[in-house]
Amino acid sequence: GVNLAISLHSAIQSKRDFLMEGLKHESLTDLKDALLYYINNTKNTVTLEYLLLDDINDKKEDLIALVKFAKMLKNVKVNLIHYNKIDGVNFNESKREIFFEKELLKNEIRATLRLSKGTDVSAACGQLATHITTDPKEYYI
């Protein structure tokens, strides 16, 4: 039993291209086809990872696209991920996390809003980053 989790972050092609620039050559249609192939041949559930970013991928149009994409797959669950602020990055946490979770569940899509832990030591999901220091006693990943 191999489980498959896909970083989706948007079911709108232009927004996904912006958020995941290295995957611009991969269309959502091709991704959907590959996931359907996987689901049909393994009968496993696919997890869609969705980092919610304020006013970027958390609008009503984003929710509608996510619901549509997830319903095409059927055997799917969605992990909604809380954005943890990183210095020098101009994204903000979404204020619509609970709304997204409730709407996905209302549309009969399994959804989990992942709890954020580790922000007090800058080690929460997404916060581990390279930091240049001249002090060899500091340890950074």
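**Helix packing and positive-phi residues in the predicted model**

Glutamate 108, with a relative accessibility of 73%, counts as exposed (over 50% relative accessible area; buried is under 20% and partly exposed in between, with a 1.4 Å probe and protein chains only). The model is predicted, so that local features need pLDDT of at least 70 and side-chain atom pairs count only at pLDDT 80 or more, whereas totals for chains, interfaces and linings use all residues. Residues are numbered from 1 along each chain as its sequence is written, and side-chain values use heavy atoms, with hydrogens and water left out.

The chain contains 4 helices and 4 strands, which are DSSP runs numbered from the N terminus (helices H or I, at least four residues; strands E, at least two). Their order along the sequence is β-α-α-β-α-β-α-β. Of the 141 residues in the chain, 36% are buried. The accessible surface of the chain comes to about 9,100 Å², and carbon and sulfur atoms account for 54% of that area (Shrake-Rupley method, 1.4 Å probe). Contacts (heavy atoms within 4.5 Å) were also classified by sequence separation: among those between residues at least 6 apart in sequence, 67% join residues at least 24 apart.

Helix H3 (60–73) takes part in two of the helix pairings described here. Helix H2 (residues 28–42) packs with H3 at an angle of about 35°, the axes lying 9 Å apart; axes are lines fitted to C-alpha atoms over the stretch in contact, and angles run from 0 to 180 degrees between N-to-C directions. On the H2 side, Leu28, Leu31, Lys32, Leu35, Leu36 and Ile39 take part, and they meet Phe69, Met72 and Leu73 of H3. The residues of this H2–H3 contact comprise 8 nonpolar, no polar and 1 charged (Ala, Val, Leu, Ile, Met, Phe, Trp, Tyr, Cys and Pro are nonpolar; Asp, Glu, Lys and Arg charged; the others, Gly among them, polar).

H3 also packs with H4, at an angle of about 35° and with the axes 11 Å apart. The crossing of H3 and H4 is right-handed (the near helix is turned clockwise from the far one by less than a right angle). Here Asp62, Leu63, Leu66 and Val67 in H3 meet Phe99, Phe100, Glu103 and Leu104 in H4. The residues of the H3–H4 contact divide into 6 nonpolar, no polar and 2 charged.

Within H4, the buried residues are Glu97, Phe100, Glu103 and Leu104. These residues lie on the same side of H4 because they cover an arc of only 135° around the axis, taken from the directions from the helix axis to the C-beta atoms. Their packing partners are E2, H3, strand E3 (76–82) and E4. Lys102 and Lys106, on the other side of H4, are exposed.

Most residues other than glycine have a negative phi. Glutamate 108, although not a glycine, has a positive phi of about 60°; this residue comes just after H4, in the loop between helix H4 (97–106) and strand E4 (110–113). Aspartate 55 likewise has a positive phi, near 60°, and belongs to the loop between strand E2 (46–52) and helix H3. With 43% relative accessibility, aspartate 55 counts as partly exposed. Aspartate 55 and arginine 96 are 41 residues apart in sequence, with a C-alpha to C-alpha distance of 9.5 Å.
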